Amino acid sequence: MRAGMEYQYFGFKFRKKLIFILVILLLYIHAGQTKTDGSNVDHKCGDNLCINGDCIDGNCTCYAGWKGPSCQLCGGRVRLTEPEGVITHGIGNYSIDMQCTWLIDGADNRTIQLYVDDFATECGWDHVYIYDGDSVYSNLLAVYSGMVQLDKFATHNLTSLEAKSGSAYVHFYSDAAYNMTGFKITYKYHSCPSISSALNCSGNGACDPESGLCTCNAGWGGRACSEPHCPRDCSGHGECDQQRHRCRCHRGYRGSDCSQLEEEGFWELLPPSPYPPSKYVPAGRASHAAIIKGDSIWLFGGESFTPTAFVVKYDINGGVWEEIHTSGSQVPKGRYGHSAVLRGDNVYMYGGVRYEDDVGKYGGAITHELWALDTTTKQWELKHVRSEGCYRGDVVCGPLAVVGHSAVVIGDDRMLVLFGHSPVYGYVNYVQTYHFGTGKWSVHGSQGALLKGSYGHSSVWDPHSRLVYVYGGHLSDNIATYSLSNLLHSLDPETMKWKRLSPVDSSRFLHSAVYLDGLVLVFGGNTHNDTSYSQGARCYSQSFLAYDPACDRWHTLRPPAHFPHDLSRYGHASVTYAESMYVVGGYNGRTFSDVIRFTPGQCRGYSSKKSCLGATSATIGVKCTWNRKTRTCEPFSQASSKTHDICLDDGEEEDAGGPSPAEWCAEITSCPTCIHSRHDCVWCGSSCAHQKCKGIVKPITSDDQCQPSHASNCNLLHNCHACHTESYCKWEHDHKCYTYIQTKANKTQMASQIPQAPCGPSCSERTTCANCTAASCMWCINKMRCVENNAYVASFPYGQCMEWTTQKPKCDAIPPGGFSCNAHKTCERCQEDPGCGWCDNGSGTGVGTCLRGGFAGPTNATCPKKRWNFLSCPPCQCNGHSTCYVGNSTCMPCGDLTAGEHCHICQQGFFGDPVNGGSCQPCDCNNHGTDCHPETGKCYCNTKGIVGDRCDRCDKHNKFLGDPANGEDCFYNLALDFQFTFNMTKPEDLHFKRINFMNRPIRDDLNTDFRITCSEPAKINITVKTVLDPERVILSDFNCTEYEHTFAQSEYNFDAAHNTTFYVYVYELRPPLFVQVAFSQHPRLNLRQFFITFSTCFLLLLVIAALLWKIKQKYDNYRRRQRLFVEMEQMASRPYAQVLLELSRRVPPSTAPQPAVRRRHRPVPCPIVLEQCAGNRAALITVVIEGPTGGHQFAPAGVSGINVGTALVADGSSRKDSVDRSHKADSRKALKTTLTPGSDVCV
């Protein structure tokens, strides 16, 4: 369903696990050795060691709350009453699909301290919930997920949790995907807060066990005595003020330990103490909205673990929180994931997820409400907008219900709402505009660069460039998986066109961003991407980035190394005031209510242009510029384009180590995005390049030149409803959105309108588990919400969903108006739901009701205390159909037509739901079956070819005929002269006991042959029926292995008037098997006549072949003679002519030495006759040849000295000149030499 992840942990985690297992093993062995000699107990259970159980009869019997072959994994619910103990998932990695619950319940109602010793689970999917009370309806203290503490890694100052009610409820849930190393939590009564379970008051104070408060030693403070008054001895840059319990830093240094240089920027926690006495501090919150008005920070809503005020205000100068009491004819309900902007004295709040729906049940309704709060009168008003300017006519009209969006104010007249997640359209990439004055609301599609919609991104308005910058977010990869974005885009509000800017090598969502002093400052967020490799700790990030819009550069800022408070978080909010950034709230397992301030550094410390404009200056949190006149470094707010340099030139820029512009452009895959990008990218037909294309390809630089196949955004839409908002997109059966293109007037363009199949209800519109899991959706059981597979983390970013499923068998039917607890029919399933308990009816048979509640009892119902079962189930669980034997939990023989170990299923031949007092009824199969599905009652028909829930019709699609509803059988009508094989080996064929066939012979002059073969033993009956005679038996109760029979036409009348029909009944089948059957009508084959005919035909064929061969030979000889005659005639018809041949006397060779003569040419024989062939490409030449003389002057007697010969040669006129004419000076000489005849050259 999603891509998983594996954490890389520190090197010696496995050694710790091994030591832990060995210690348990030694303790177990020691316990076994201390048994009395007379016990004679065998402690071995095969190869398994019962870690949390007893070995009984060779099997491990686990204690309550444990499971597994060695009782090594947690499971179920368990009550812990010891004054201290350990809560853990078990040994080794925890397994998938686990649910474990612990109730820490002390008798004296004292405060319980819970210390997280080790914790590493799958971020966003596997959670541990800790409540201050005895149920999930108590105050929630923390929801841990991801890597919180493991070996040397820990989130900063992980102080113990306090359960002040005297009880603590801990629940662990892991989903059906990946598993990690798990957790270990130590709890203690009579203890005090600490950062370690091994120490009280962190080892820096004395603990009062009665009150649970620490008395810190000198020099230490804080709830757990974990905060030194003067950390690190003020880092050598200040003095410790013992009276005021803090450092007095030297000039130029800031921070609680004086370790931060003021000119480099510094962080500080406001107010100085996170727990100021006798002052109001609201509960922590996340995914809230924040605005700055005057010198106060206003917070609206947010996800909080404990009830808190919806609107609160923080006075920056006074360091005081204040709850804002609002009123109005209508007031908004609690919500998170919304947006808020300030215009004048009014705050406009839009969208988000409401805590409760309209009937007060559960949260999860994503809203499109727009509220306005007058900060002067504290009055709320629900705004009614005018929806004008819909996208594509009236396809998408606002305001859209979205969550995880962002909002900015442009000028003073309008608000832009960007992206978010919609319950109908999924991750939307629309920009919605609200005009304050007219109340008009419009929706704009994506123009310019193509981009996906996202959830939990950030957006800021830059008043200098007059652009909106959008970074990061949680988005979809396809219908089932998601990813995080590292992309940055800018939006021009006037043209509504997007532009792709330089990305950063860090992806995140639910972070914050502000515009301050020429930089976009990005802080925190969830940087955990759902991949196979992750650091785990990135689930909560404290990374700090700065983007320089003027230079399109990213920079990384370093948080302080020794900050006294945890900065890692996501879901926080950031605002700017007095040239500083304020971070408020957030979540990292616990929700925060703190205020942290970052004050940027100073530019005056840089004395050169390169240092002023380089990467180092941006790390102080302010954009610096270089004054060319005064040659000083000044902040961006004082810069002028005429006198200041804003960015370094290309040659002066330091190499950041990222991709080059060419590599950056090459990663872009769409034409519009390529054109609308920062690095001068151009589109080259099918790819994006930097500045120019390779070869002769002409670059594309405008949108109207883009090919439709490279300009479509259909592949970015991963939701059927979103796909259908575009006229040229279509959602196909493989759950992908495709682009359709048409050709008009020899021009390829997007299809104007294509037929769309209906999408069906979206996931959010599916209100039951059954129809939710029938689609590509996930059902959250405790929230009773259906969400998209790729939006689970976005829908429940703080662990609100405590169990989910995509499988219909795990769905329980919830009665109308009921809760998830009401759907559970058994005590065991009831107690798997952490918010439910079982109220037994007192009959002792296991019948009861699942209700919402905790250890003390149900919440909204009554149940006698003795009948309330929250930690374990009553021992006798017979579902009301029997009682148990005295002294054990084994049911007596089941009654009411039920069966099973707990009388939870119907007997064979009956169906129904006997669980929890339900009933069974007989199967109704029209006498064609004796058994049916035990739950639905669908019959298992025992005759192949009979179908229907009640075996009431024949399978006509497969040529079975009959009327089983009226007591008839179904017969397969066999065609003549074909062999049929019926294979009954599938699981659904195991119920078949019979199969019937029929055949009507066609020809009345031929016998009918019948043959049948059964692969397994069975019985057959054969009957015959005519129009005049009733059905009579021919063969009865015969073993069906191999059987053949001929029905003679003399015995059975096969004419049309009698309509003779044979019926074959095969019964007592035992699948798996196959049956082969055939009826045939054809004359019998006379073998003697066949072989005589075959031999005669074969001999005749040989004779004909021999005659043909002789004829062919005679014809070939005739053709050869004819060709010879033609050649002789042609030779004889050649013309004759006289040739005068001059012969010279042979000169005998001289013995005297002759001077060396250089021969320039080889002798060439000259023909006396040349006859051109047709086509002038060849010729016949006749030459005179001097015969050999044996060294004498004349040829020997009787031997001719002169011979005449003829040869076929190629025409020499087409040959190339072999003389080299490469040099002009030699050409003429060569030509002259060539044309001068010699004594040995024939002309």
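**Close-up 1. The hairpin of strand 54 and strand 55 in the predicted model.** In this predicted model, strand 54 and strand 55 form a hairpin in which three residues lie between them, and Gly 589, in the turn, has a positive phi of about 110 degrees. Strand 54, made of residues 580-587, pairs with strand 55 in the antiparallel sense over six bridges, and Gly 586 stands opposite Phe 592 in strand 55.

**Close-up 2. Strand 55 and its pairing with strand 24.** Strand 55 covers residues 591-599 and is mostly covered, with eight of its nine residues buried. Strand 24, which comprises residues 266-270, is joined to strand 55 by five bridges, and the two run antiparallel; within this view, Phe 266 stands opposite Thr 599 of strand 55.

**Close-up 3. Ser 194 in the loop between strand 15 and strand 16.** Ser 194 is found in the loop that lies between strand 15 (182-188) and strand 16 (205-208), and Ser 194 counts as buried because its relative accessibility is 0%. A polar atom of the Ser 194 side chain lies 3.0 Å from the backbone oxygen of Ser 196, and a polar atom of that side chain lies 2.9 Å from the backbone oxygen of Leu 199. Beyond its neighbours within four places in sequence, Ser 194 is in contact with several residues, among them Tyr 115, Leu 158, Cys 201 and Ala 224.

Close-up 4. The protein chain averages a pLDDT of 85, and 88% of the residues score at least 70. Where pLDDT is low, the predicted coordinates should not be read in detail.

Methods:
Residues numbered from 1 in each chain as written. Predicted model: local features only at pLDDT ≥ 70, side-chain atom pairs only at ≥ 80, totals over all residues. Heavy atoms only, no water. pLDDT = per-residue confidence, 0-100. Buried < 20%, exposed > 50% of the residue type's maximum accessible area, 1.4 Å probe, protein only. Helix = DSSP H or I, 4+ residues; strand = E, 2+ residues; numbered from the N terminus. Pairing = 2+ DSSP bridges. Polar contact = N/O pair within 3.5 Å; in protein donor to acceptor, adjacent residues only side chain to side chain. Contact = heavy atoms within 4.5 Å.
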